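Me: I would like to learn how to read the strands, sheets and cores of a model, one feature at a time. Could you take me through the general idea first and then the case at hand?

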Amino acid sequence: MRRRLLAVAALGGLGVLAARAWPGRAPAAPPDLGAELCVSAPPFPYEPASGLAAEAPRPVPPEARCPVCGMYPARAPRWAAQAHFDDGAALFFDSPLMLMLWLQAVPRHSPGRRADEVRALWVQDHLSGEWLPAQTAHYVAGSGALGPMRNGNLPPFASAAAAQAFARQRGGQVLGFEAARAPERLRALDTRSHRHAA
């Protein structure tokens, strides 16, 4: 929001200068910067030719953008997460934290989609990189592990023992899926400066 206000102020200031330099000309209206600053990340359609089931985890496409933060999940593949809809379309997230934030407001981040259309959620085991169902993973909240956006995150593990060993080494608390996605916990972990408008 701060970036948007600064840009609008700068563009508005240019309009005033232009009006002084060329009297009689109306200054141009500042452009709508919402489209430039908020990324729309459409889902990737299901490709039956891939040989994968519609709900199975897929390789992260290099051009995929996270619908919450706009980052490219393929640039930090070990943190990536994904969500699949009833029609087989998939969205890709740069981290489990962004996936959980998306679940709180699916229509806001993915216009035309609803939470009840979600068929499968996938995260990657922090140690092996293997995909696992997000609902069965064990998450470590509050560790020293920084995600792709260099903020707090929720590294997932296939086993509680592996998550506890990680927490002993890097700090944090081991949580199940429902506890990890509690709104107050997500608010504490989400340190982004730019958020989508409600």
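Reply: What follows takes the sheets, then the helices on them, then the cores. This is a predicted model, in which local features need pLDDT of at least 70 and side-chain atom pairs count only at pLDDT 80 or more, while totals for chains, interfaces and linings use all residues. Residues are numbered from 1 along each chain as its sequence is written, and side-chain values use heavy atoms, with hydrogens and water left out.

Me: In what order do the four strands of the open sheet stand?

Reply: Strands (E, at least two residues) and helices (H or I, at least four) are DSSP runs numbered from the N terminus, and two strands pair if DSSP finds at least two bridges between them. Here the order is E2-E1-E3-E4, with antiparallel pairing; strand E2 (90-93) and strand E4 (131-133) are the edge strands, each pairing on one side only. From one strand to the next the twist averages 25°, where axes are lines fitted to C-alpha atoms, for helices over the stretch in contact, and angles run from 0 to 180 degrees between N-to-C directions. Strand E3 (residues 118-124) is joined to E4 by three bridges, and Gln124 has Trp131 in E4 as its bridge partner.

Me: Which helix packs on that sheet?

Reply: Contact means heavy atoms within 4.5 Å, and helix H3 (residues 96-104) touches strand E1 (81-85), E2 and E3, its direction making about 160° with that of E3.

Me: Why is one side of E6 and of E7 left without a neighbour in the other sheet?

Reply: Three strands form that open sheet in the order E6-E5-E7, with antiparallel pairing. Strand E6 (156-157) and strand E7 (173-175) are at its edges and have a single partner strand each, so one side of each lacks a neighbour in the sheet. Strand E5 (residues 138-141) is joined to E7 by three bridges, with Val140 partnered by Val174 and Ala141 by Gln173, whereas E5 and E6 pair over two bridges. Helix H5 (residues 160-170) lies across E5, E6 and E7, at about 15° to E5.

Me: How many residues has the largest nonpolar core?

Reply: In soluble globular proteins, nonpolar side chains tend to be buried together. A nonpolar core is a set of buried Ala, Val, Leu, Ile, Met, Phe, Trp, Tyr and Cys residues joined through side-chain atoms within 4.5 Å, buried meaning under 20% relative accessible area (1.4 Å probe, protein chains only). The largest has 29 residues, and those with the most contacts inside it include Leu99, Trp102 and Leu121; H3 gives the most to this core, with seven residues. Apart from it lies another core of eight residues, among them Val140 and Phe157.

Note on methods: Buried means under 20% relative accessible area, exposed over 50%, partly exposed in between (1.4 Å probe, protein chains only).
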